[in-house]
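Please open the model in a viewer and keep the selection panel at hand.

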Amino acid sequence: MSLSERLHPGLNLAGTDPESHVAAEEVLFGFWIFLMSDLVLFAVLFATYAAMSVQGIAEGPGPAQVFDLTAAFLETLLLLLSSFAFGFAMLEMKYRESRRGVLAWLLVTGVLGAAFVGMELHDYYVMITQHAAPPQASGFLSAYYLLTGTHALHVSSGLVWMAIMAIQVTVIGLNTPVKLRLMRLALFWHMLDVVWIGIFTFVYLFGVAS
Amino acid sequence: MSNRIPADMPPGEYEDEGRERLSYMIGLALALALTTAAFAVVWLDLLSGGAALAALGGLALIQAVVHLRYFLHIDLQRSHRDDLLLILFTVLILIIMVSGTIWILYDQHIRMMP
């Protein structure tokens, strides 16, 4: 095995930190198994939503009446830019081991992520107060809140994890365990953005288009 | 601490910061273009009915691949076989579960009394 070999999907540390690179193979593979099982959870919620959004509207409002596409577009941009900022935090970690650089990009990532969660909560508030669309109104709305709520909960726990990592980077510094944790958080964060592609397409755009 | 590259090690294709930074920026540009295209289809009423849904589904699939390629750095040639098999197996499970659920629930639905 040569050290320049890519050992796992995701950012590899081969060229700049061979020790961490070798240690990363096992824990990152394990984390990929978790990510894939998490994806299965989201897939089941998507399938439930797909059925409910057509068959479960009952007497309640339909998708086109309650969704705000402008808000969904802005949320998409926030999460995309947040994912991108995390990529730059990882490059600071990999090439410069700069605490300040990593923390600055983590802060950008966290602020964008928090703005995303805030906008989603505002969406819920508008839907419940102005469109009479609470979760108990119909099967469609129950499935909608369950799917987007699970995603928002994932993003929120990612933010908590990010705050903990910022403390660890400050106190412990960028040693191997901290680097490996940051790499796993990066995978988690990028994967949540992939799940959001499904949500803005199959929930918001499909809901308004059909 | 900042430079631990052994002198005799050839710089690998992936160990160049400019290249990796470019990868994230290409990913962002492609993702922005695809997202805007998807919202434009609905906002500007470019397509309607089944054609719109098919186009949106296609754009989402392409954007998911862009994210996997440029943000999660998955590419099919260099990944370890274990990881690739894990991802492909999960995709298989997802297709079976999602299409099976939608099929069964739709079938139930059309058999219900109106």
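The stops below begin with chain A as a whole and end with chain B.

This is a predicted model, in which local features need pLDDT of at least 70 and side-chain atom pairs count only at pLDDT 80 or more, while totals for chains, interfaces and linings use all residues. Residues are numbered from 1 along each chain as its sequence is written, and chains are lettered from A and ligands numbered from 1 in the order in which they are written.

**Chain A overall**

Select chain A. There are 6 helices and 0 strands in it; helices (H or I, at least four residues) and strands (E, at least two) are DSSP runs, numbered from the N terminus. The order of elements from the N terminus is α-α-α-α-α-α. Along the principal axes, the C-alpha atoms of chain A fill a box of roughly 60 × 30 × 25 Å. Of its 210 residues, 50% count as buried. A residue is buried if 20 or more other C-beta atoms lie within 10 Å of its own, exposed if 12 or fewer, and partly exposed in between, with C-beta atoms placed from the backbone.

**The annotated spans**

Next, colour residues 27-51, 71-90, 102-119, 152-174 and 186-207 of chain A, where an unreviewed UniProt entry places the feature "transmembrane region". UniProt positions are given in the numbering used here, feature names are shortened, and annotations may be inferred rather than shown by experiment. Residues 27-51 of chain A are 100% helix and 0% strand, with end C-alpha atoms 37 Å apart. Residues 186-207 of chain A are likewise 100% helix and 0% strand, and their end C-alpha atoms are 30 Å apart.

Select H3(A), whose 27 residues reach 39 Å from first C-alpha to last, close to the 39 Å expected at 1.5 Å a residue; the expected span is 1.5 Å times one less than the number of residues. Because 20 of its 27 residues are buried, H3(A) is largely enclosed by the rest of the structure. Just after this helix, A:Glu97 takes a positive phi of about 45°.

Move to H5(A), which has 33 residues and reaches 48 Å, close to the 48 Å expected. Just after H5(A), A:Gly173 has a positive phi of about 95°.

**The side facing chain B**

Now show both chains: 50 residues of chain A are in contact with 50 residues of chain B, contact meaning that the C-beta atoms, placed from the backbone, lie within 7 Å. Helices H1 (18-55), H3 (69-95) and H6 (176-209) of chain A each supply at least two residues of the side of chain A that touches chain B. The largest share of that side, 13 residues, comes from H1(A).

**Chain B**

Finally, select chain B, which is divided into domain 1 (14-75) and domain 2 (79-114), with bounds from an automatic or database domain assignment. The C-alpha centres of these two domains of chain B lie 23 Å apart.

Methods. Two residues are in contact if their C-beta atoms, placed from the backbone, lie within 7 Å.
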